[in-house]
Amino acid sequence: MSWSKFFWMGGYGLYVWGSYGVTFVLLGGEVLMLWKRKRELARRENPREFANHGSQLENSFQEIK
């Protein structure tokens, strides 16, 4: 059995691999949205901690230059 036959799957390969691709993209999007939501909740609970975060990030970029 060759790799091309494995990926072709008797003519159904496009549907099978396409469904895997869509599933992984959607799962990745879900993880990204959960991460953003967690960050936003942390920012709401501790606004002082995140207020200086932007200036610290800018300073670190200036140090690199």
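**Figure 1. Helix α2 gives the nonpolar surface patch its largest share, 4 residues.** The model is predicted: local features need pLDDT of at least 70, side-chain atom pairs count only at pLDDT 80 or more, and totals for chains, interfaces and linings use all residues. Residues are numbered from 1 along each chain as its sequence is written, and side-chain values use heavy atoms, with hydrogens and water left out. The patch covers about 1,000 Å². Its members are Met 1, Trp 3, Phe 6, Phe 7, Trp 17, Tyr 20, Phe 24 and Leu 27. Helices α1 and α2 each contribute at least two of the patch residues. Patch residues have over 30% relative accessible area and no salt bridge; nonpolar side chains (Val, Leu, Ile, Met, Phe, Trp, Tyr) are joined within 5 Å, and like charges within 9 Å.

**Figure 2. The whole protein has 4 helices and 0 strands.** Along the sequence the pattern reads α-α-α-α. Helices (H or I, at least four residues) and strands (E, at least two) are DSSP runs, numbered from the N terminus. Of the 65 residues, 2% are buried. Buried means under 20% relative accessible area, exposed means over 50%, and partly exposed lies in between (1.4 Å probe, protein chains only). The protein exposes about 6,400 Å², and carbon and sulfur atoms supply 64% of that area. Accessible areas come from the Shrake-Rupley method with a 1.4 Å probe; for residues, only the protein chains shown count as cover.

**Figure 3. Trp 3, Phe 6, Phe 7, Trp 17 and Tyr 20 form one aromatic cluster.** The structure holds 6 aromatic pairs. One of them joins Phe 6 and Phe 7 edge-to-face, with 5.3 Å between centres and 70 degrees between planes. Rings of Phe, Tyr and Trp (its six-membered ring) pair if their centres lie within 6.5 Å; planes under 30 degrees apart count as stacked, over 60 as edge-to-face and the rest as tilted. Phe 6 is partly exposed, at 34% relative accessibility.

**Figure 4. Phe 7 also pairs with Trp 17.** Phe 7 is partly exposed, with a relative accessible area of 44%. The ring centres of Phe 7 and Trp 17 are 5.5 Å apart and the planes meet at 55 degrees, so this pair is tilted. Phe 7 belongs to helix α1 (residues 3-8) and Trp 17 to helix α2 (residues 13-45), so the pair ties together parts 10 residues apart in sequence. Trp 17 is partly exposed too, at 33%.

**Figure 5. The charged end of Arg 39 sits over the ring of Trp 35.** It lies 4.7 Å from the ring centre. A charge sits over a ring if NZ of Lys or CZ of Arg is within 6 Å of the ring centre and within 35 degrees of the ring normal.

**Figure 6. Salt bridges link Glu 40, Arg 43 and Arg 44 in a network.** Side chains of opposite charge can pair when their charged atoms come close. A salt bridge is a side-chain nitrogen of Lys or Arg within 4 Å of a carboxyl oxygen of Asp or Glu. The whole structure has 2 salt bridges. In one, the closest N and O atoms of Arg 43 and Glu 40 are 4.0 Å apart. These two residues are 3 apart in helix α2, so about one helical turn separates them. Arg 44 also bridges to Glu 40, at 3.6 Å from N to O. Arg 44 and Glu 40 are 4 residues apart in helix α2, again about one helical turn. Arg 43 is partly exposed, at 35%, as is Glu 40, at 34%. Arg 44 is exposed, at 61%.
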